[in-house]
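Hi,

Here is the structure I promised to pass on.

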Amino acid sequence: MIKLLFFTVSLTPAATLLGWGEGLAWPLFEGVRLTLDLTPLSAFFLLLLAMAAPLVALPMLRGTADSPAFVLFGLLLLGMQLLLLAGDFISLFIGWEIMTWSSYLLLLRSARTDLETAQSYILFNLLSAFLLLAAILVFYRFTGHFEIRTAAGLTDWQEILLALLFGLAFLTKVGTLPLHLWVPRSYDQAPDAFSAFLSALVSKMGVYGLVLLPTLFPDALAGLLGRLLDGPAAGYLLAWIGVVTSIVATFKAISQEDMKRLLAYSSIAQLGYITTAIGVGSSLALGGALYQALVHTLVKLLLFISIAGIVLRTGQRRFNDLGRLMERMPISFFGVLIGIIGLAGMPPLPGFAAKYLIFVSLLDARWLLLLAAMVLASTAAFVYCYKLIYAPFLGHANSASAKTATEAPWQYLVPQLVLMGLLVGLGLFPGLGVRLLIDPVLIALQMDPLGSPSWGELVTPYGGYDGVVLMVVFGTAFVLVTGLFFLLRGRMRRAGSPYDLSYAGEVPTAETPLHYGAGMGRELRRIPLVGWILRHSTQGFYAALVRQTRTAAELLSGFYSGNPQAWVLLAVLVFALALQASIGGI
Amino acid sequence: MLEFLDSPRVLHGIYVLGSLTLFVIGLYGLLAKRHLLKILISIAVMELSVYLLFVGLATSPGETAPILSDGLRAFAGMADPVPQALTLTAIVIGMAVLALGASLTIQYHRLTGNADVTAMTELKDS
Amino acid sequence: MALPLTPIWFVALPLLVAFSSPLWARLRLLMPLLLGVPLTLLVLAIALHPLVRTAPLVETIVIAPPLGIHLQLDSASLLLIALIGLASALVAAFLWLGDTEAHLRGRRAFVLMLLLIAGCNGLVLTGDLFNLYVFLEIAGVSAYALSALRQDAPALEAGLKYLIIGSVAAVFFLFAVVLIYLQTGSLSLGAVASSFGEIPGPMQILIGLLMLVGLGIKAELFPFNFWVPDIYQGSHPAVASLFSGILVKAFLFVLFHLVFVLLADPEVIRTWLMGLGAATMLVAETVALRQQDLRRMLAYSSLGQVGLVTLALGFGSEATLAGGLFHLVNHTLVKLLLFLLAALMLRHLLSVRLADLAGLGRVMPLAAGLFVLGALAVLGLPPLSGFVSKLWILKGFAEAQVLWPIALILLAALIEAAYYFRWIKTLYEPRAQMQEGRPLGHWVYAPVVLLAGLLILLGVAPFLVQDLFIEGAQSLLARDVNLEAMLGARP
């Protein structure tokens, strides 16, 4: 009964999206009025929310009803809707904060969450929130209102200050370098189904904010510092932040030994692409960013839910403890397969369309160095994608639980199937996605729509492709290769002979702990730059910050000595000094 | 010979000096003594110095106490009655605080066996 | 019998009931009366509200022609009176329903608490400096005794320490009052205010500083607030909730009332007060990071909030004043909630140290959940009331184009979050078994849940009460009107 109610609650974003009438308003107090309204941009993100909420809610329904978690999830949905519908900054902030604390409390529902993770999650997110509040107040000071609309008549430095504050706030939420410390830990340790929501949606709210930024300032980022090559100079900085984030996070992801941590780093990397695209700021780039946001939401939901199913059935998260699950969990296998194809941005799935748009926009801005760096990151991403399918599903089962696992329960499978369907459908018809979802937003942002001649086609000034054709080609190739494999399999089995190298030593049996992917990524440390990146982290800096604060606390607590005479002495001394200072000064 | 003492300025100066000395003595006791009762006494001395200052400065030489009796019906040639009344009230209050303090000290001593202010370390930052 | 509805009841009723306590003890009416008296005062305050809106209510009770008790009730003090009534009624309800320790339900606690209420009401209402001193001592003495009520070593230690530092504060304050009388020949606030500007400059500074030290100690401002954590830790949490909830608030109000009435131009002291507030806030929040005892942590957090309120009130623009008053109310509600929860935890687990509270979420789910709610409200996270008042203050600063307090307030909130969330994390730590004390009934939670409900209500619909705070701020700033009212009522 509670479960049913909860599932209904998870449908509310969809209801809001479909049933939204005219704007709402709620007077908060003197001079502050909350207004809610649905714009095309917020409708886009609300659509993501509406799609994801029930899909994440379904896995949460399994087992005994965890009513506090249900309530918190409901609050989280409420906060996010408020955030997206906000017509003024105060509502935006309220939604932002409700989202922050309810997601934090949900994070605590996991028994694995440790103190450092919880603290880093809440502190970084509150830092982001307070930066946002500071930005809002500065905005208010300059303009005298809280509404989210173009701020006219600001001087240059005012715009830069505002863009900096807002930008930092949203970038923290997105988790770009060097503000990403909280991301891998919390995605890793959160309850399994909830990780999907964190990665797929909560981080998207930062993206929403970043996309809002250009609407706030009339000339977008171009107005701030002028132009560089064919793009805005301020955006160039942002784009580099994004690219560096994706490169570092990609390499970090490759070297992970834990499925959820790998996904967390890959999430950071993917959001790095989006940041880059927003930095470019052209209509192509924003289209790409939105498309990437859409695809990333679907893909990460799919992957995290599939992985959650594996964790549920095996209790293992480390690659080395898994293996050979393909036969035991075939649907999850296909889920992960489709997921990584989308994640890697390979055709024919829509991840390709998104990346294509971003690449083309970089080309258009003639930021070729960035383009090269991004290609590097997205190529390296293949490696971790490969690891994700290879390590759990193929090879050799390495733990007792991996040997006896069964397919995930239906609560996990239904979302997977739905998401697979959506991804394939979107891959077939990339033009449909552009027409239905991206173009209305771009038009609302006063940019040129991307347009597409038909549902199946994606076109850009630099060429395009037809999704249907591509899908047919790839589908045929897949069927052919698989068919050939199964046909030839009988003969391939005989390939091993007593003269093979493996017979030189002992033949590994099913009991031997053996993993083909073991130590993968270890060799990366030998590559000069990559090794340096992998060895370093921002953790030391933040740990030092914490240490300094503790020392300060200890020093200051010396005042609170517990000896009344010291209190009186201090009071008298302060009194005497103040007296001396003020009367002596006269 | 000592008539100059009767001029209000000098007299008030002496009162100020005297009460300030008392105040400082009280403050010294408060800061330097470790026994709880001595600290309470020091506080009482500080309060006393303030009362003395008040009454002293509010009275000019030659004025009598503002008590209406024996046929006196008006406040003529008398000191300002307000400070005297207020001081009386303050003394009563100070008395009450002192009594409370003394009783707490006694209870504390009975319970723990010490009356040293620096030995009160049950409550502190951990 | 028709009793006139005058401000004197706010002081007289608790005093009368307190002094006739043997009767009530015999009739077994202590607890109902402890709840009933503040409730009556609250109702009275609400009833007086329409009257006060039009003009401040001034009452003088003449004892002998120069001596009298001036009471002044304006929108701001009415707010405080209502707050004191509400807060003490809730604590009384908690003591009654909660089946608390015997020493808190006895006659002594009854008398002392009513005295505390009378003292606080007097502090807020009085229009006369010497009476201010008297009420300060009444509130002080009852607070010292309340601290020591449990009569074990920590409680006695707290009581003694409080008594020492409190008496020093009183001496400083008395000194200032004496100097004022000697300089102006008057003690009524109105008369003093109109002639305060004529006092020579250095003497003004001396008086101001003496008052600042005296009231600063009582109102827990930074270089004078080192006593606070000790006292809050040693007292019973329910008593500490009264200290943090009403006593400090009354003193803060007195401090700012004096500032706004005495000084023709509060700007001269603005930097001082704001600096004190900011220092109080930052130092307290930082020190709170390393606390291991819930009561001490709450004490430091209380200091931090007092600093924030001082910062806001010290700035003295209408928006920050209204926001500051609202924050004052919110903080009272929140700290009542948190301290009462601490009392429950202490009773149930016999300890409120961080390490002993691990896993509380499973043993006392309701208490842990309410603690989370309270923490969110202290931190000023929406949709709870702390958010609205903080936003109001911040908006006031932004309107006045002053940005540094905004940065400091947000920084302090971040530090505050660091320790509150550490506690929350610990509460939900998975842990196998916990030692348990006495089981608690359901009714225990009634006052606490009511508080939580109020926090949410004020957070979602603050427009219901906003007029109270705006009027309060205006009446604090309307020096001329106040002076006129006070002087007009002089005999």
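This is a predicted model: local features need pLDDT of at least 70, side-chain atom pairs count only at pLDDT 80 or more; totals for chains, interfaces and linings use all residues.

Residues are numbered from 1 along each chain as its sequence is written, and chains are lettered from A and ligands numbered from 1 in the order in which they are written.

Chain A has 23 helices and 6 strands; these are DSSP runs numbered from the N terminus, with at least four residues (H or I) for a helix and at least two (E) for a strand. The C-alpha trace of chain A spans about 105 × 65 × 60 Å along its principal axes.

Of the 586 residues in chain A, 51% are buried (20 or more other C-beta atoms within 10 Å of the residue's own, with C-beta atoms placed from the backbone). Among contacts in chain A with a separation of 6 or more, 79% join residues 24 or more positions apart; a contact means C-beta atoms, placed from the backbone, within 7 Å.

An automatic or database domain assignment divides chain A into domain 1 (1-216), domain 2 (218-488) and domain 3 (539-584). The C-alpha centres of domains 2 and 3 of chain A are 53 Å apart.

What does chain A touch? Its contact with chain C takes 47 residues from chain A and 49 residues from chain C. On the chain A side, H6(A) gives the largest share, 13 residues. Chain B also meets chain A, with 9 residues of chain B in contact with 9 residues of chain A.

Finally, look at H4 (residues 75-97) and H19 (residues 445-460) of chain C: their axes come within 8 Å and cross at roughly 150°. Axes here are lines fitted to C-alpha atoms over the stretch in contact, with angles from 0 to 180 degrees between N-to-C directions. H4(C) and H19(C) are therefore roughly antiparallel (angles over 145 degrees). Leu90(C), Ala93(C), Phe94(C) and Leu97(C) in H4(C) meet Ala446(C), Pro447(C), Leu450(C) and Leu451(C) in H19(C).

Cheers

Terms used. A residue is buried if 20 or more other C-beta atoms lie within 10 Å of its own, exposed if 12 or fewer, and partly exposed in between; C-beta atoms are placed from the backbone. Two residues are in contact if their C-beta atoms, placed from the backbone, lie within 7 Å. Angles under 35 degrees count as roughly parallel, over 145 as roughly antiparallel, 65 to 115 as roughly perpendicular and the rest as oblique.
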